Amino acid sequence: MAYKVSQDPRTDIRERSYVPELLRGLAITTKHFFRNLFGTRDTNTEVVDRTGTSLVTTVSYPEEKPVYPPGYRGLHRLVPREDGKPRCVACYMCATICPAQCIYIEAGEYAPESDESQSRVIEKYPTQFVIDELRCIVCGLCVEACPKDAIRMDTYEHTKPEYNRQGFVFDIPKLLKGPAVSHPSDPWNKRDSSKEPHHAHKEAHTRIGEGLVQLKTPHSVGAGHEPAKLASGEGVAPNPPAHK
């Protein structure tokens with residue numbers, strides 16, 4: 001029952017005993033206890049949008065799992081090719097850029113007489129590809145650095161608990177998952193082998209500031225061809241006189 005609080009709590013025996021306030025607090029706690037125990041509970045993963053009698057906002061994992069937002073960086077995975085092998089070409093770009101040094105790679109080479117066109121073009125492949133998820137800081141730099149789209153973090157899964165440290169070390173069998181990915185720019189879609197193309201380059205290339213140097217195509221070096229003509233004149237410009 002509500003009552004008027006005195007101006008000076010020291011002169012009121014009810015305030016000094018703390019019994020009314022204690023009973024009021026217990027009543028509030030009991031009301032929420034039975035409301036959450038017997039009331040209907042909304043299982044919406046967005047806890048702020050839950051409605052219903054129960055006010056419990058705890059996610060009962062693993063029965064209830066929150067929906068990760070788009071772009072969430074989850075566990076790593078190696079992207080497979082159409083033949084089931086990883087797209088990784090063992091270039092060490094991801095291991096080099098990793099600030100936590102949690103990626104370990106060992107490279108191997110395909111046999112030159114390999115019958116698979118992908119293997120003949122790529123040449124190198126990872127014999128070992130290991131990621132220590134305990135050391136990973138989930139920065140995503142390995143995904144950005146990979147030139148072949150061979151590693152992604154789009155699994156929308158977080159690191160699962162394990163009983164020992166070895167369980168957090170992911171190798172190729174644990175990383176290779178997901179649908180096969182193929183791009184039009186893949187070299188095995190353009191070339192039959194890793195040998196030098198037969199066609200000549202369309203134009204000669206040079207560095208900035210090397211305009212006075214003879215320009216030669218790679219196929220003309222040592223082959224007896226004439227040097228390419230400069231755009232500004234015939235062949236090589238004469239050297240300027242030395243200043244005294």
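Predicted model: local features only at pLDDT ≥ 70, side-chain atom pairs only at ≥ 80, totals over all residues.
Me: How many salt bridges does the structure hold?
Reply: The structure holds seven salt bridges, a salt bridge being a side-chain nitrogen of Lys or Arg within 4 Å of a carboxyl oxygen of Asp or Glu.

Me: Which residue forms a salt bridge with Asp 186?
Reply: Arg 87 does, with the closest N and O atoms 2.9 Å apart. The pair links distant parts of the chain, 99 residues apart, with Asp 186 in the segment after helix 6 (172-175) and Arg 87 in the loop between strand 1 (77-78) and helix 3 (93-97). Helices (H or I, at least four residues) and strands (E, at least two) are DSSP runs, numbered from the N terminus.

Me: Is Asp 186 buried or exposed?
Reply: Asp 186 counts as buried because its relative accessibility is 3%, and Arg 87 is buried too, with a relative accessible area of 2%. Buried means under 20% relative accessible area, exposed over 50% and partly exposed in between (1.4 Å probe, protein chains only).

Me: Which residues are linked in a network of salt bridges?
Reply: Arg 77, Asp 149, Arg 152 and Asp 154 are. Within that group, Asp 149 and Arg 152 form a salt bridge whose closest N and O atoms are 2.6 Å apart, and the side chains of Arg 152 and Asp 154 meet in another at 3.7 Å, N to O. Arg 152 is partly exposed, with a relative accessible area of 21%, and Asp 154 is also partly exposed, at 31%.

Me: Switching to the sheet, what is the strand order?
Reply: The open sheet of three strands has the order 2-3-5, with antiparallel pairing, where two strands pair if DSSP finds at least two bridges between them. The edge strands are strand 2 (103-109) and strand 5, each of which pairs on one side only.

Me: And how many bridges join strand 2 to strand 3?
Reply: Seven bridges join strand 2 to strand 3 (residues 124-132), and the two run antiparallel. In strand 3, Lys 124 is the bridge partner of Glu 109.

Methods
Residues numbered from 1 in each chain as written. Heavy atoms only, no water.
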